[in-house]
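Have a look at the sequence and the model first.

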Amino acid sequence: MLALTELGQRLRQERESKGLSLEDLQKLTKIQKRYLLGIEEGNYEVMPGKFYVRAFIKQYCEAIGLDTDAIFEEYKSDIPSTQTEDMPQQLSRVRSRKEIPQHTKGVSKAYDYLPTVLVVAGVVVVGIIIWVIAQNIVSDKNKEQANQEAPNSEVQQSNTQEETNETTAKNDNSKSEDEQSAADKKEKEKAAKEKAEKEKAEKEKKDSGKQEYKEVQKTGRSATYALSGTDAFNLEVTSTQADTWLDVKNGKGNAFFSSILKKGETKEFDLTKETEARVNIGYSPGVELKVNGKAVDLPFDSSKQVRQVVTIQYQPAEAQ
């Protein structure tokens with residue numbers, strides 16, 4: 001096992017302090033575990049190429065919440081500079097395959113099999129002709145038999161049609177009653193659903209008219225918001241694109257959640273009794289926040305600021 005570099009030791013300590021294993025980090029970054037271990041041990045030879053070293057280190061830092069620029073500056077002696085690799089051997093192998101005159105071999109083989117192909121084609125054509133003649137003979141016999149059975153068939157068909165009409169009339173009456181009952185039930189369900197949606201919309205409109213969510217301060221990767229005009233503080237966090245590290249604490253530093261939020265997973269927090277909540281998001285692309293059921297935007301563009309920290313200061317309406 002290789003000795004850890006100063007950078008590798010710093011990254012491993014930070015990862016373990018977050019309670020993350022290499023398997024957890026692999027899910028967050030989509031980087032293979034052996035490359036993550038190579039970063040911690042300073043064994044960059046295992047990488048697919050020197051071009052990937054800096055990119056993998058950057059993703060590692062962002063996933064565990066470290067400032068990438070500061071890490072690159074502090075440990076620049078441990079991190080190799082980006083280099084471009086060429087592939088002359090691969091290119092030469094591609095050219096050598098293309099230069100082989102494969103078409104000449106194919107043409108000679110085609111001429112060898114030509115007589116056999118012609119014989120098979122002739123047999124197939126003769127078989128098709130025989131099949132068509134046989135089909136015509138069978139069709140003529142079926143027509144003669146149908147003409148002979150037509151009178152008896154018409155009488156039987158007439159009797160059968162009367163019985164069918166009677167059965168259909170009974171079924172129609174029964175079907176009409178069932179359809180009417182189903183239609184009434186469906187109409188009642190629709191009315192109840194519309195009423196519930198209307199009541200919900202009126203309640204949300206009433207609540208949204210009072211609730212205020214305003215930006216107070218924004219610096220670096222952190223932003224502070226003030227929540228007022230409401231007697232409830234419910235926070236909902238959803239990850240829609242990928243797994244992310246999520247840390248939710250109150251103003252006193254007590255943690256409500258500090259772990260990985262899986263892709264497609266939603267966590268809800270009732271913070272009505274708190275005056276402040278701090279939400280630390282390790283991988284913000286695809287993360288959605290809702291306050292009291294209302295979607296709120298993240299303070300920064302997630303494509304530029306992957307890790308974001310949102311602090312929400314809450315003042316209940318009754319205390320205002």
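Q: Which share of the contacts in the protein with a separation of 6 or more comes from residues 24 or more positions apart?
A: In this predicted model, such residues account for 66% of the contacts with a separation of 6 or more.

Q: What makes up the secondary structure of the protein?
A: There are seven helices and ten strands. One of the helices is H7, which covers residues 102-210 and contains tryptophan 131.

Q: Why is tryptophan 131 called exposed?
A: Its relative accessibility is 55%. Exposed means over 50%, so tryptophan 131 counts as exposed.

Q: What makes the nonpolar surface patch that includes Trp131?
A: Val120, Val124, Ile128, Trp131 and Val132 make it, and the patch is about 480 Å². A patch residue needs over 30% relative accessible area, and Trp131 has 55%.

Q: How many of the 320 residues are buried, as a percentage?
A: Buried residues make up 27% of them, where buried means under 20% relative accessible area. As for the surface, the protein exposes about 22300 Å², with 50% of it supplied by carbon and sulfur atoms.

Q: Which strands are the edge strands of the six-stranded open sheet?
A: The order is E1-E2-E10-E7-E4-E5, with mixed pairing. Strand E1 (212-219) and strand E5 (255-261) each pair on one side only, and these are the edge strands. On average, neighbouring strands here are turned by 15 degrees against each other, direction ignored.

Q: How do you know that E1 and E2 pair?
A: Pairing takes at least two bridges between two strands. E1 and strand E2 (residues 222-228) have seven, in the antiparallel sense, so they count as paired. Among the partners, glutamate 215 is bridged to tyrosine 225 in E2.

Q: Why do strands E6 and E9 stand at the edges of the other open sheet?
A: That sheet has four strands in the order E6-E3-E8-E9, with antiparallel pairing. Strand E6 (266-270) and strand E9 (294-296) each have a single partner strand, so one side of each is left without a neighbour in the sheet. Neighbouring strands of this sheet are turned by 25 degrees against each other on average, direction ignored.

Q: What makes E3 and E6 a pair?
A: Five bridges join strand E3 (residues 234-239) and E6 in the antiparallel sense. The cut-off is at least two bridges, so the two strands pair. Within this pairing, glutamate 236 stands opposite glutamate 268 in E6.

Note on methods. Residues numbered from 1 in each chain as written. Predicted model: local features only at pLDDT ≥ 70, side-chain atom pairs only at ≥ 80, totals over all residues. Heavy atoms only, no water. Patch = residues over 30% accessible without salt bridge, like charges linked within 9 Å, V, L, I, M, F, W, Y side chains within 5 Å. Areas by Shrake-Rupley, 256 points an atom, 1.4 Å probe, with all protein chains shown as cover. Salt bridge = Lys/Arg side-chain N within 4 Å of Asp/Glu carboxyl O. Helix = DSSP H or I, 4+ residues; strand = E, 2+ residues; numbered from the N terminus. Buried < 20%, exposed > 50% of the residue type's maximum accessible area, 1.4 Å probe, protein only. Axes fitted to C-alpha atoms, helices over the stretch in contact; angles between N-to-C directions. Contact = heavy atoms within 4.5 Å.
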